[in-house]
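Have it open beside you as you read.

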Amino acid sequence: MPPFFPPSANNYARTSIIFLIVAISALGLTAYKLQSSPWVTREGIRPEQPVPFSHQHHVSGLGIDCRFCHTSVETSGFAGIPPTKTCMNCHSMIWTNAPLLEPVRASFKDDKSLVWTRVHDLPDYVYFSHEIHINKGIGCKSCHGPIDEMPLTYMNVSLQMEWCLDCHRDTKKNLRPREEVFNMTYKQPSRWDPVVFNGKKFFDQDLLGEEIQKTYHIKSGYELTTCDTCHR
Amino acid sequence: MADEKHNHESLNGETLVSIAPAKDTPATKLDLSDVRNKLAGHNGRRYWQSLEELSEEPGFDAMMQREFPRQASEWLDPVSRRGFLKLMSASLALAGLSACTKQPEESIVPYVQQPEELIPGKPIYYASVRPTAFGAQPILVETQMFRPTKVEGNPDHVFGKGSADAYTQASILDLYDPDRLQNVTKVGNTHTWSDFNGEMRDAALGDKSSGGAGIRFLTETVISPTVADQFKNVLKSYPQAKWYQYEAVNRDSARAASRQVFGQYVDAQYQLENADVIVSLDADFLSGGTFPGFLKLASDYAKKRKLEDEKAGMSRMYVVESQMTTTGGKAEHRLPLTASHIEMFASALASSVGAGGGGTLNNPDANNFLKTVAADLQANRGKCVVIPGEQQSPAVHALAAAMNSTLGNVGKTVVYTDTVEIVPTEQVAGLKELVADMNAGKVKLLVVIGGNPVYDAPADLKFLDAYEKVPLRAHITSNVNETSRHSHWNAPLAHYMECWSDARSYDGTVSIQQPTIEPLYGGKGYFELLAVFTEATGTTAYDGVRAYWQAQKKGTDFEAAWKKALHDGFIAGTAFTPKTVTAKSAPASTLQGNSAMEVVFRPDPTIYDGRFNNNGWLQELPKQVTKLTWDNAAMVSPKTAADNKLQDQYVAKINVNGVEIKAPVKVTPGHPDNSITLTLGYGRDFTGRVGTGTGYNAYVARTSTNPNVAFASSVQGTDEKIRLAVTQYQYPIEAGKNEGQTEEGRAMEERAIIREASLDEFRKNPDFANEGLLERESKDVTLYPNWTEDPTKVGMHQWGMAIDLNSCVGCNACVMACVAENNIAVVGKEQVLAGRAMHWIRIDTYFSSNGSFGGDVANPRAFFQPIPCQQCENAPCEPVCPVGATVHSTEGLNDMVYNRCVGTRYCSNNCPYKVRRFNFLLFSDWDTQSLYPLRNPDVTVRSRGVMEKCTYCVQRINAAKIKAEKRDGQLDPNGKPYDGRVREEDNLQTACQQTCPTDAIVFGNVADPNSRVSKIKAQSRNYALLGELNTRPRTTSIAEVRNPNPQLQPKQTETHG
């Protein structure tokens, strides 16, 4: 009786073991990539909004300060989304008939809130505070990216825990003087373009960061990554 | 089965108690003689939590040895194992996908016009009051985006100084109760307020010619000056109309006594900070809001017991009481007597101190007690006080007043003032009059505001029969209840957070009641309801209250004074001034001792007179001493149970006043013999989704002649069992149960949980709390890296807590505050029975029936120990977590990361203090919309499968840290730079600490040697619970010291301790 399995069966068996390993790893890798992909994180996605509000036009174009609309960014964990009244302060004078602004006018007339889609949305078990970041010298741009160049607002980073920890572990690479937090054109120091802080000129971000850490009493990476910093 | 065997064995003894059968543990029955015999063998102090534990039955021990006592970890749901496996395989298959699910898209909805004072994300606090029959509770209401989320005491107010009782903490849940009355209805059909007002006005005007002779108002006790003034106006328009106030838990005894003794109605205000000797005649003034002036009494009582200055003296308290209460538990000396005998005791005591009265006691123990108390009172003239119980007879109140006057206490430890009710009445007498009028057909329109007289009026008045004779009945009520079911009109009454009003605190200080939210269901408050009957229709409550106080204000600048009153939460200088009253002779005692079984009616410690029946937080709050939840029971002493063949958790049929009450028995140590205590407020015919089906109704046997005491014609045990959800021994801290230990070794180990000394022992040996313990509390004995010694890993604050057992009176306010602050879920009776209650802080009650200063199983002393998470430095829970969901913070917190937890429950298994709570099912209510705005947005609402625990209110810590770090570098008012540290003056408090009336809980930065918590921990009495395990808990206890009278020391000499 001939053997049930031909000699080539060994090869099939070995190949299939290897294939299985590759397949499982590929599946794992796909799952990992998928959960950090923009499809899940919504990074770079511009959701539909009731009004196609342009930060580019208002910030770079008109030079309006962030705090003009996001009033509580320095005093509360929540930065604040401007009430319709804030829009109408200007738009009752200019672009009064622009069709794009019809929802704003309707909101004001009917006393019904505009419903915006949240762009930067952390999970509910994360307790992020704008005020402490602003007061410790983290610029808007560090997290929100080139918001002043966005005709439609999108999230520039993943906002996943890995990304948060990257800075919490080593804050010095993102710190800037408090006065520069809302400055959209601020550049980190370089050899040709120093930043003055504490009366000293800094040509290197690491040195500047260390000086700011000392001046603002910024906690060590170990402390800032303690769980209750963000979760409770 | 083992169960039956035990039954047979104990037939010859007195069968006492049986515990609810856990599935695989034998049910245990106890017998008293056995317990006594076992105790006789012990010489050391014994601390026990329940009679079952005391019996040392093997079944009980076996149950306690398990990871989760009882069935907490078992599968109880009616899904079969097969069905469960099917479900599990499906969820396993889908589990991998969960990591890939996207967060749902969420919206941001900004205001159209944002209110100027609002900073989104920051709470705003409003000063207000919560009105009660015993005076207003001054409060601050925390609002998040204008939604009230938490109630706290008003720290600026002299009354309470920032503390609040459990009822006040839980009252916010009533606001969001989904079962509130939401519409104006007439016999079931929805109407509008204007329909209602129109019909009321027409009915009233129709009766105008007779001066409103057919109009009656029945309200709860009114403590609002504006509303009382308004009633005056209403009665001016309708001079023949009448206004009655009635609450089932009232002060009739005190009022009657006050009328007889002083010829006028006055309130006695006890000044315990001046009292060295306190005698309570059934006055349970330390257990919470059921006693008038509780907050101040508790805080003043504790002030004399702090011993922070070791040389300071201590007060001494004698309690004679008709049930086991926390007041009795805290007393140096306690005498259980039936309620009717307490009057005899009071009379005999009065005659011993020369204040009238008379008679003697037959009981030699009681006589001895009486003589000692009398001598101590005589020796402390002007520095002692006698407090009568609210449920005691007018004679006891009169005798207490006579004693206080004879002993020279008036003006020192007791002052008399105007009453907190604006128009004081004897309420039962008033109700009788009303019922008589209704029966005589004189009443054409009855407006009932609040309350529930159909349910809680004395049974012999037959209120319902009379009520149904009234042709037009309107009930304005927050919830539909028995009374509204029998009324034509129902209209929603505004919650106190929804309407403007004013109210007096027990000390007389007036506060303005500020609303913090628009009425959720269009409810109206007293003022707007009454406006229908005055000429002032259309005046808002705000205008009314303002106008009333503008008329009272003498000075010119009313606007500034009004603003200040609203901001501060009280009108300065409105406290009562003491009155000089002259006492006439005390009335003779009327009640004779009766040998029949006595039945005592008491307000329930958690749901009061029934008004909190639909409040899940209070239903699930373990009642003091008994630790019973979700039910009321008939409390009896072990001996009475044995004599009458009653068994714990089995129904007893009690025939009293011609009614049979079927109530489950709860055998309570310390209860007087020959007496049964029934609590009110349960067994409702019509209530909401929470209260339906809980307990039995004791009102049916209450009479108008003696509403608080009755005598049973028969008491009979039955075989019907009602499982009572008792939490007393659900979270046992195991100590000293090691086999093979000597008796002395065991006593020593057990001493580790509760440590106490008498004042004399403490003076001789200030280190008693830490002396003689095994030298295991060493910092070096650890398997784990000592994180505190690595400077790069240590934060600038180190949080710690000290709990003073001397001050804690077990009032439960902290438990309720924690529930409100931390979004703690209600689990229901079945789940409590399974040991799954979610409270993060519990109050362990220990009894002591032996020891150097007295106690017996029949009359034990009690100890109250609040147990939150101990935040161990060497936390046993941390290394066993496979996913790192519980880890240490750099500031000494034992963090719990809910989103990481996978629910292995290893941590809970490894926790020696049993403070971790596992969310077995989806306990948080995610469906009821009305509960959404209640939740604290700064705390995660936990889902199923997650371990939860106390983290010292980390949300408050983080808020304080952010505030402190933001001012880093600025100069403080003294010119010193802030350094980013949270300072003492920032007043960072945990929720439990904030509400504590006795300041027993102190929290703060232990890294700062000048912080209050550091100073308290530096006391010699500071000890770590189970310190010998080297867990190094950050929460420590301050050992208890009592000041017993040597005259009442037990005869036997004690060598231990």
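1. Start with where the chains meet: 44 residues of chain A are in contact with 40 residues of chain B, contact being C-beta atoms, placed from the backbone, within 7 Å of each other. On chain A's side, the elements giving two or more residues are helix 1 (8–35), helix 5 (84–91), helix 6 (102–110), strand 1 (116–117), helix 7 (130–135) and helix 11 (221–224). Helices here are DSSP runs of H or I with at least four residues, strands are E runs of at least two, and both are numbered from the N terminus. By class, that side has 18 nonpolar, 16 polar and ten charged residues. Nonpolar covers Ala, Val, Leu, Ile, Met, Phe, Trp, Tyr, Cys and Pro; charged is Asp, Glu, Lys and Arg; the others, Gly among them, are polar.

2. Before going on, remember that this is a predicted model: local features need pLDDT of at least 70 and side-chain atom pairs count only at pLDDT 80 or more, while totals for chains, interfaces and linings use all residues. Residues are numbered from 1 along each chain as its sequence is written, with chains lettered from A and ligands numbered from 1 in the order in which they are written.

3. The chains also share strand pairing. Strand 1 of chain A runs antiparallel to strand 4 (residues 107–108) of chain B, over two bridges; pairing takes at least two DSSP bridges. A:T117 has B:S107 as its bridge partner.

4. Within chain A, the domain assignment (automatic or from a database) gives domain 1 (11–38) and domain 2 (42–81 + 116–229). Their centres, taken over C-alpha atoms, are 38 Å apart.

5. Now look at a helix pair in chain B. The axes of helix 9 (residues 252–262) and helix 14 (residues 394–406) come within 8 Å and cross at roughly 55 degrees. Among the residues that meet are B:A257 and B:V261 from helix 9, and B:H397 and B:A401 from helix 14. The contact's residues divide into seven nonpolar, three polar and no charged.

6. Chain B also has an open sheet of three strands, in the order 3-33-34, with antiparallel pairing. Strand 3 (47–48) and strand 34 (861–867) are at the edges with a single partner strand each, so one side of each has no neighbour in the sheet. Seven bridges join strand 33 (residues 842–848) to strand 34, and B:I843 stands opposite B:P866.

Conventions: Two residues are in contact if their C-beta atoms, placed from the backbone, lie within 7 Å. Axes are lines fitted to C-alpha atoms, for helices over the stretch in contact, and angles run from 0 to 180 degrees between N-to-C directions.
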